[in-house]
Amino acid sequence: MVKNDPQLSASSVKPRIGIVGGGMAGSTVALRLAELGIDVVLFEAGKTLVNGPPICHLHAGGNLYREISDEQCITLLRQSIDTLKVYPQTANIRPTVIAIPSRDNGSPSDLFPRLERLQTEYARLIQQNPNNNVLGNAKDYFKLYDRQLLEALAHKDTPKKAITLDDWMIPVAKNLNLDEFKLPLILVQEYGLSIFRIASTVSLAFEKLASSTVLTNTKVIHIQHQQEHPGWRIDYQTNGQAEQSINVDYLINACGYRTGTLDDMHGFQRDRMVEFKAAYIAHWPECQGDWPEVIFHGERGTPDGMAQLTPYPDGYFQLHGMTEEITLFKEGLVASTEKSAQPMLNSLFNRKLTDKWYQSEIERRTAKAVEHVAQFIPDFGRATVGGSPMFGAQQIPGDDPSLRAADVSFAGDRYARAEIVKASSALTVATAIVEQLREEALIAPETAFGNTELSQQFPVTKSLPLEDITSLAEQLAQERACPLALARPVGSHTNTL
Ligand SMILES: Cc1cc2nc3c(=O)[nH]c(=O)nc-3n(C[C@H](O)[C@H](O)[C@H](O)COP(=O)(O)OP(=O)(O)OC[C@H]3O[C@@H](n4cnc5c(N)ncnc54)[C@H](O)[C@@H]3O)c2cc1C
């Protein structure tokens with residue numbers, strides 16, 4: 001797709017921003033700038049936008065990660081609230097249940113102080129701006145379920161549609177053997193995200209934004225800093241055809257796990273890691289009722305690593321298991337070196353990333369993932385392979401592999417890198433880049449919709465009808481050989497959350 005093809009060789013009076021990489025980060029930055037009327041050219045090597053590693057969970061509080069700091073959790077909460085306000089149609093509105101198995105060293109009470117801190121912060125954000133109320137009442141941010149409450153729920157009929165917090169808990173209460181857990185179970189308002197509806201939202205928005213140019217099937221092969229007219233020359237190839245060039249006033253590197261390849265083209269050094277991981281799709285048609293996401297905590301990298309059950313409509317589930325036989329891989333975490341800012345995964349991973357998985361691997365790892373969840377939900381053992389794995393490599397800037405809230409870094413002249421670890425951090429990158437463009441006088445200080453809040457600065461994106469988004473999302477799911485259920489909304493949506 002080549003949209004709004006500008007005279008790419010001509011230099012413009014208005015600044016032109018080049019963004020390499022059309023994943024969640026690059027697309028969000030491009031949308032933010034295009035919504036402000038700034039000229040952007042977005043280069044994406046793949047056929048469609050947001051085609052990279054999976055995005056299924058909105059980390060509105062970071063409660064999946066016991067090992068990270070409270071500060072990172074609060075950052076993720078704030079970023080998730082912004083994400084829900086800008087991209088309301090991409091959310092799957094259902095809670096998450098956190099369960100601590102008896103065999104685990106942790107205890108539910110270890111989690112309470114952080115949950116209380118997050119709840120207080122959420123209440124404060126709502127008080128500051130009532131539009132921040134996107135995760136339900138602050139008093140319901142989390143709820144504890146002790147044995148008595150769970151046993152009472154287990155005797156109730158499963159509602160066709162979950163509405164109250166307790167409704168969501170009924171299938172869990174009916175299916176988990178409570179003797180195998182340290183109680184209480186915790187229900188928390190961490191919603192889901194659909195990568196397919198993110199991809200369709202950004203694609204539909206770009207079609208309406210005249211100042212954006214989206215070049216898909218287009219690989220950037222070289223970048224050259226320009227001294228005389230400050231900025232960058234970008235050399236690229238579309239569909240493998242003859243090389244073309246364009247000058248831009250500012251370059252944003254949003255290449256995801258390949259961010260180091262652009263850094264290397266200019267000789268920028270950067271410490272970063274890349275981790276290859278995969279999630280699996282299972283089908284459990286006998287499942288009853290609307291399921292919340294369920295997290296069974298466990299020690300990462302051991303056979304008891306965390307299990308994550310992410311529900312979609314029609315009995316489809318996405319599964320993670322933080323063991324080397326499921327989501328993690330031996331030698332799957334690599335780091336940059338002094339010679340190269342690009343961490344190098346070995347050829348086995350490159351085959352998976354660029355070519356395909358063997359059918360036997362898909363079946364073996366999906367079966368392991370099903371087994372891992374069935375330890376806690378025995379009936380889930382009947383689930384079968386529901387689709388191809390969803391996988392990818394995740395970049396982690398710096399040298400702390402547990403870092404989860406990261407955003408942007410600047411280097412050299414007129415060069416920024418988007419370095420998100422979680423999808424919800426993309427808007428923080430966009431805001432920092434707008435600030436930087438203002439500081440460098442590339443855009444006027446008044447370039448904004450007055451003093452309106454961030455979500456009001458995406459009028460085109462926010463006004464897209466959910467039906468149109470879902471319809472294109474289903475098409476994308478089909479093209480990517482995934483069940484259409486993964487593209488369909490869960491929970492009650494309004495277009496303006
Ligand atoms: C198994 C797994 C599960 C995950 N689950 C979640 C989750 O539930 N929630 C969450 O928030 N996050 C999740 N993540 C992390 C999330 O997927 C990533 O943080 C996010 O997708 C990164 O977005 P990005 O735009 O930085 O990178 P990408 O999505 O990788 O986008 C980078 C783009 O750059 C393009 N590109 C690269 N080089 C070039 C070039 N030279 N020319 C042109 N284009 C180029 C690529 O084609 C690619 O499309 C998960 C990651 C993994 C691996």
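Biologist: Which residues are joined by a cis peptide bond?

Modeller: The bond between L183 and P184 is cis, with omega about 10°. P184 belongs to strand β7 (residues 181-188).

Biologist: What is the order of the strands in the open sheet?

Modeller: The order is β10-β11-β12, three strands with antiparallel pairing. β10 and β12 (244-248) are the edge strands, each pairing on one side only. From one strand to the next, the twist averages 25°.

Biologist: Now the domains. Which residue ranges does the assignment give to each domain?

Modeller: A domain can be made of several segments, as the assignment for this protein chain shows: domain 1 is 2-52 + 196-269 + 400-487, and domain 2 is 92-193 + 272-397. Taken over C-alpha atoms, their centres are 29 Å apart.

Biologist: How many residues of each domain are in contact with the other?

Modeller: The size of an interface is often given as the accessible area lost when the parts come together. Here we have residue counts: 25 residues of domain 1 are in contact with 27 residues of domain 2. On the domain 1 side, helix α7 (residues 259-266) supplies the largest share, five residues. By class, that side has 13 nonpolar, seven polar and five charged residues.

Biologist: Why does the ligand lie between the two domains?

Modeller: Look at which domains give residues to the shell. Domain 1 and domain 2 both do, so the ligand lies between them. Of the 38 residues around the ligand, G21, G23, G52, G256 and A423 come nearest. The elements that give two or more residues to this shell are α1 (24-35), β10 (218-226), β14 (272-283) and β20 (390-397). β10, an edge strand of the sheet, is thus listed again here.

Biologist: How do the residues of the shell divide into nonpolar, polar and charged?

Modeller: The shell has 20 nonpolar residues, 13 polar ones and five charged ones.

Biologist: Last, confidence. Where is the pLDDT below 50?

Modeller: Begin with the whole protein chain, which averages a pLDDT of 94, with 96% of the residues scoring at least 70. Over residues 4-12, however, the value is below 50, and this stretch has 11 contacts in the model beyond near neighbours in sequence. Where pLDDT is low, the predicted coordinates should not be read in detail.

Methods
Residues numbered from 1 in each chain as written. Predicted model: local features only at pLDDT ≥ 70, side-chain atom pairs only at ≥ 80, totals over all residues. Near = placed C-beta within 6 Å. Helix = DSSP H or I, 4+ residues; strand = E, 2+ residues; numbered from the N terminus. Nonpolar A, V, L, I, M, F, W, Y, C, P; charged D, E, K, R; others polar. Domains from an automatic or database assignment. Contact = placed C-beta atoms within 7 Å. pLDDT = per-residue confidence, 0-100. Pairing = 2+ DSSP bridges. Axes fitted to C-alpha atoms, helices over the stretch in contact; angles between N-to-C directions.
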